[in-house]
Amino acid sequence: MGKLSKVIASSIALLSTAVFSEYGLNMTEGVTSISHDIYDLHMMVFWVCVVIAAIVFGAMFYSVFAHRKSKGAVAAQFHESTKAEILWTLVPVVILVGMAIPASKTLIDLEDTSKAEMTVKVTGHQWKWQYDYPKEGISFISNLAKTSKDSVASDIDNLSNENYKTGATSVDNYLLEVDKRLVLPVDTSIRFLITSNDVIHNWWVLDFGVKQDANPGFINDAWAKVDKIGTYRGQCAELCGKDHGFMPIVVDVVSKADYAKWVEKEQASAAAAIASATQVWSKADLMSKGKKVYESNCAGCHKMDGSGMPPIFPAIKDSAIANGIASEHMAIVLHGKAGMPTFKMLGDADLASVITYERNAFGNTGSVVQPSDVKSAR
Amino acid sequence: MTTATASHDTHHGPEKGLMRWVKTTNHKDIGTLYLWFAFSMLLIGGALAMGIRMELLQPGLQLMEPQFFNQLTTMHGLIMVFGAIMPAFVGLGNWLIPMMVGAPDMALPRMNNWSFWILPFAGGLLLSTFFMEGGAPAFGWTFYAPLSTTFAPDSTDFFIFAVHLLGFSSIMGAINIIATVLNMRAPAMKLMDMPLFVWTWLITSFLLIGAMPVLAGAVTMMLTDRNFGTAFFDATGGGDPVMFQHIFWFFGHPEVYIMILPAFGVVSHIIPTFSRKPLFGYSSMVYATASIAFLSYIVWAHHMFLTGMPVAGELYFMYATMLIAVPTGVKVFNWISTMWRGSMTFETPMLWAISFVFLFTIGGFSGLMLGIAPADIQYHDTYFVVAHFHYVLVTGALWSIIAATFYWLPKWTGKMYNESLAKIHFWWAVISVNVLFFPQHFLGLAGMPRRIPDYSLQFADFNFISSIGGFAFGASFILFTYIVFDCIRNGKPAAARPWEGAKGLEWTLAPKAQYHSFNTPPSRELIESESQHS
């Protein structure tokens, strides 16, 4: 009960201090033609409902107040009117047809991705997003930012250090920030190809009016043409397991010139990563890089200290695999096993360093794995 | 035959002690068992919901791991749908249908016993998963593959067997009701003389028989995918995870109407009674119920607008879905026309019925909005959907069950409940339920996804309000429990017809309905004079 009363007390404190940014009452109009159309449809249907509600509930409450026994009302005995039944069947049909026409137009438009000028492939993983620019040769993973991760008091024992009080509110864009953002050019028609690597996810950016299931083994598409430079945030919108609530989407929409610069920079660093993967790394370098990769990709299930959450997520600390033959360890990381997804989308250097880290951190005593080993194990 | 039954009946009443309830084949006993089972599941499901609202009271994770949160949302949904709402309606059907059609009992009494006694075991199996290694199912009550197959905890197999058992029970219950209505109805009662609760349950039974085997098929495919190497829902083996959703929702959408059609029936009894006026548009009510049932089978993919369906499919499912608004609207218009120029009083059942019409219609409006496929892109899987289906299932289905409890409690117990306490309970519940669910519309429109254990700060205010409403609504059931017990133990004796305007064969029975309802079928004159609609 102590914890509970703390939670309630701090909630009241939170409410009384104006720590919250804006809170929304209505859908956003968004920044694409589709999101504008959806907003207009939403408002139209909403107002039609309000008018119908006013008439229907108005009649009901008038009757409730006027036709009561305590006011001496005597019950009429009418109980049938074919005319009335036909009337209140046909009038709604006409209203519905009026709604269906603009809705159909918007639907056909938003499903037509043929006008796209560029393509981004979005792949859902438990619990992060991967973005590929097939033509530009850019590929990266986007995780929940460390600032948010650290302030989630995910361990109930952590409540004693009062993380929960300051945690969530001290971070900018709590749960809606990532370590690497998707970057897109403004005023460009972009096709998103959306798929998944494990379970069904859903890629949703409210301001774009884009929300599409990411199905494993199938590719869905959607499109957006953003008309305003800015940063837009979204979340996974299909229950995808434990950390479904912790795989946000952040998109920077930039000018076309800035976008071109960003592409150049990404291509250069991709080339550097490929070059570094051909070298032999020192164990210290592998360990320090591996720690970072581990924290953003593995710690969600296997925990920062490698203790895991048995029996669903096994411990890495003292595990037979991490202390055993390197090739078996690599096979699991590359191809997955049962609930463990594949991590083959990470680069050779990243995989080599994280596997080395898992084999030598937490008191484990496994061998060192080099990028070239990973490359040949693929 | 009739005289033989009558003389047989006078010899014995119910058996004494516990074995009465284990061995009973009496529709009233079984109805009572169903209702108590449903009520205890409602309290368990409600306790899980309290856990959910507790965690969502403020941002940050305070009380539980995300995986446990997912177990709570999953089990809350499953228990409320399969453990609380559906058995409660079967319980009402058991109690009321034989009385309403002038029959002595249900047509298949031994099967009736069996279909009830499966339930506690199915429910126990489902609840036991909480104590298993790896925890309870955590993939949502819709259990989409592959999260529920390849990536699910071991307890999923127990969940599958529990669903199979619940399905057996529902199908048997439905067969029994169809057989009772068609074979045991008083010979002088034509189909179009039947009260609406009987009509809505008859139609619901056909929905159950059509839909539950499809669910059984879906979970069986899950079972073989999980354990026997098939790949129905696994793309790497040539299957399709979206096919799971088609099969699930082919069950799931009729299921929604399984939970609301009997509610329409209940309300169609209560409103005429307290308006002292015949039900308006009886035959159009019957046809509207049948149309809704038919439409419910051909709209399933409106739950799947974002799965990547072809645009022609989306257009079809959008149009078909919008059509449902028409017969549903007819029902609402008929209820209001029944009240119109009546002579209304506002005893507790009427308060629940009027608030049903109001709040269910709000759920209907948000349902219409969700049916607009492009707009659904923004609403889908957000709290807007959560608000929508709680308005139709809590202030719809559950509201009608509570209304029915107060309305027929005098007939079940022969005693009157405490009217002033019941009115306090009504206002407490109706205010708190709106504090609980109305802000969730705003959360959804502002972009809060459903099924998340933690949220960003712009959602904090409304979540706090919603949680407070949730705790108050949860507490209202303590008072409800007290009122029911108080009625059973201390209630004043009720008249055989405790409501001035009530019509129906059940009110011609003793104040506490006798153990066997009608040993001789009621006459045509009695049926006509007790008809609600002429």
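**Close-up views of a predicted two-chain model**

**View 1. Helices α3 and α5 of chain B.** The crossing of α3(B) and α5(B) is left-handed, a term used if the near helix is turned anticlockwise from the far one by less than a right angle, with right-handed used if clockwise. The model is predicted, so that local features need pLDDT of at least 70 and side-chain atom pairs count only at pLDDT 80 or more, whereas totals for chains, interfaces and linings use all residues. Residues are numbered from 1 along each chain as its sequence is written, and chains are lettered from A and ligands numbered from 1 in the order in which they are written. Helices (H or I, at least four residues) and strands (E, at least two) are DSSP runs, numbered from the N terminus. Helix α3 (residues 27–55) and helix α5 (residues 109–128) of chain B pack at an angle of about 15°, with their axes 10 Å apart; axes are lines fitted to C-alpha atoms, for helices over the stretch in contact, and angles run from 0 to 180 degrees between N-to-C directions. The two helices are therefore roughly parallel to each other (angles under 35 degrees count as roughly parallel, over 145 as roughly antiparallel, 65 to 115 as roughly perpendicular and the rest as oblique).

**View 2. Residues between α3(B) and α5(B).** From α3(B), the contact is made by His27(B), Ile30(B), Leu33(B), Tyr34(B), Phe37(B) and Met41(B), and from α5(B) by Asn112(B), Asn113(B), Phe116(B), Leu119(B), Pro120(B) and Gly123(B). Two residues are in contact if their C-beta atoms, placed from the backbone, lie within 7 Å. The residues of this contact divide into eight nonpolar, four polar and no charged, where Ala, Val, Leu, Ile, Met, Phe, Trp, Tyr, Cys and Pro count as nonpolar, Asp, Glu, Lys and Arg as charged, and the others, Gly among them, as polar.

**View 3. The contact of chain A with chain B.** This contact takes 92 residues from chain A and 88 residues from chain B. On the side of chain B that touches chain A, several helices each supply at least two residues, among them α4 (66–100), α8 (241–258), α16 (419–446) and α17 (460–490), while α12(B) gives the most, with nine residues. By class, this side of chain B has 53 nonpolar, 25 polar and 10 charged residues.

**View 4. The sheet of chain A that contains β1.** Five strands of chain A form an open sheet in the order β3-β2-β1-β5-β8, with mixed pairing; two strands pair if DSSP finds at least two bridges between them. The edge strands are β3 (138–142) and β8 (220–225), each of which pairs on one side only, and the twist averages 25° from one strand to the next. Strand β1 (residues 118–125) and strand β5 (residues 189–196) pair in the parallel sense over seven bridges, and Val120(A) has Phe192(A) as its bridge partner in β5(A). In the loop between β1 and β2 (128–133) of chain A lies Trp127(A), which a cis peptide bond joins to Gln126(A), with omega about 0°.

**View 5. The sheet of chain A that contains β4.** Here five strands form an open sheet in the order β4-β10-β9-β6-β7, and the pairing is mixed. β4 and β7 (210–214) stand at the edges, each with a single partner strand, so one side of each is left without a neighbour in the sheet. β4(A) and strand β10 (residues 248–254) pair in the parallel sense over four bridges, with Leu184(A) opposite Val253(A), whereas strand β9 (residues 230–236) runs antiparallel to β10(A) and is joined to it by six bridges, with Thr231(A) opposite Asp252(A). Helix α6 (residues 256–277) of chain A packs on the sheet, touching β4 and β10, and its direction makes about 135° with that of β4(A).

View 6. Arg276(B), in the loop between α9 (261–275) and α10 (282–296), has a phi near 55°, a positive value in a residue other than glycine, and is buried, with 21 other C-beta atoms within 10 Å. Asp381(B), in the loop between α14 and α15 (383–413), likewise has a positive phi near 55° and counts as buried, with 23 C-beta neighbours inside 10 Å.

Conventions
A residue is buried if 20 or more other C-beta atoms lie within 10 Å of its own, exposed if 12 or fewer, and partly exposed in between; C-beta atoms are placed from the backbone.
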